[in-house]
Every structure is written in structure tokens, then in C-alpha cells.
Amino acid sequence: MYMKALFMKFLMITAVLWVVLSLIYEVSFTDVVITSVVLTAVGYVGDVFILPKIGNVWAAISDFVIAYAIIYFLGSYIYEQPLALGTAAFISALILMVGELLLHRYMHTNIFEPRKSNPNEKVGYYNRTNLQTEFAEEVEIESLSKELKGKNSKK
């Protein structure tokens with residue numbers, strides 16, 4: 001299942017970058033594939049380890065930031081023709097963020113194990129009605145020690 005999600009992520013990233021970078025900004029397809037591989041590897045590691053902890057929306061926002069940074073960084077080094085790199089990276093990252101929201105929803109329903117929760121109560125794993133309280137008498141140390149001294153002196 002993890003490989004299916006990885007493949008879906010790679011296809012989505014490659015398709016978006018091909019449309020935005022190749023068709024609009026005339027970046028070579030080889031550069032698009034290189035950027036897609038790097039972006040898929042970094043983003044997928046984040047999806048597997050970070051997504052279950054921070055949730056869908058925050059993971060998509062972090063994917064936007066990561067995609068923008070990687071496209072801008074790689075573009076400044078490997079794209080040969082001059083282009084408005086900030087705009088191209090922003091448009092690509094924005095479209096990828098929308099795709100990531102859908103991919104994250106797929107991963108939540110099909111890949112990650114559901115968290116254990118109490119279906120009857122929405123308060124967490126433990127049912128709060130099952131808790132018990134223990135009652136005891138308070139012991140006064142001074143009176144107890146006087147009684148023990150009194151018993152020891154009678155002997």
C-alpha cells in the first residue's frame with residue numbers, strides 16, 4: 001500500500017510540474033523528472049512520518065513550503081533557460097498543495113491504521129465512567145505512636 005501511495009505521489013507531482021514548468025515555462029522534461037524525484041522523496045518521507053502526527057491541513061501547508069523551496073532551489077541550479085522562478089515555484093507548489101490534500105485523505109483512509117478510541121464516549125481511549133475512587137480513614141501519626149508507646153510500656 002505504501003508503494004501505491006508513493007507511485008501516486010510521483011505521478012501527481014510529475015504531471016503538475018510538467019504542465020506548469022514544461023508547457024508554460026518551457027523547462028526540459030528531464031529537469032522536470034529530476035525535480036519530481038527529489039520532491040517525491042522528501043515529501044513522501046514527510047507524509048509517512050509527519051502526516052499522522054500533525055493532520056491533513058498542516059501537512060499540506062508544510063508540503064507547500066517544501067515544494068516551493070525545492071522547486072526554487074533546484075530551479076536556480078538546473079533549469080537552463082531564464083524564467084520567473086518565484087512565480088513558477090509558487091504556482092506549482094499551490095497546485096501540488098491541493099493534490100496533496102487529496103493524497104493525504106487517501107493515505108488516512110487506506111494506509112494508516114486508525115487510532116484507538118472509545119466509540120461511545122468522545123473523550124479518548126478510556127471510558128471515564130469506569131473509574132473508581134478509593135476511600136480510607138486518615139491516620140494521625142501522633143496518636144498512633146502514643147498508643148504504641150503505651151502498649152510497649154505496659155509490657
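Leaving aside neighbours within four places in sequence, which residues is L17 in contact with? The close-ups below come from a predicted model, and the first one takes up that question.

View 1. L17 sits in helix α1, which covers residues 2–24. Once its neighbours within four places in sequence are set aside, the contacts of L17 are S22, V32, T35, S36, L39, I71, S92 and L96. With a relative accessibility of 0%, L17 counts as buried.

**View 2. The F64–F90 aromatic pair.** Searching the whole structure turns up three aromatic pairs. One of them joins F64 and F90 in an edge-to-face arrangement, with 5.7 Å centre to centre and 90 degrees between the planes. The partners come from distant parts of the chain, 26 residues apart: F64 belongs to helix α4 (residues 56–78) and F90 to helix α5 (residues 85–110). F64 is buried at 19% relative accessible area, because the cut-off for buried is under 20%. F90, at 41%, is partly exposed.

**View 3. The F73–Y77 aromatic pair.** Here F73 and Y77 pair up edge-to-face, their ring centres 5.0 Å apart and their planes at 65 degrees. That angle counts as edge-to-face because the cut-off is over 60 degrees. Both residues lie in helix α4, four residues apart, or about one turn of the helix. Y77 counts as exposed, with a relative accessibility of 63%.

Conventions. Residues numbered from 1 in each chain as written. Predicted model: local features only at pLDDT ≥ 70, side-chain atom pairs only at ≥ 80, totals over all residues. Heavy atoms only, no water. Phe/Tyr/Trp six-rings, centres within 6.5 Å; stacked < 30°, edge-to-face > 60°. Helix = DSSP H or I, 4+ residues; strand = E, 2+ residues; numbered from the N terminus. Buried < 20%, exposed > 50% of the residue type's maximum accessible area, 1.4 Å probe, protein only. Contact = heavy atoms within 4.5 Å.
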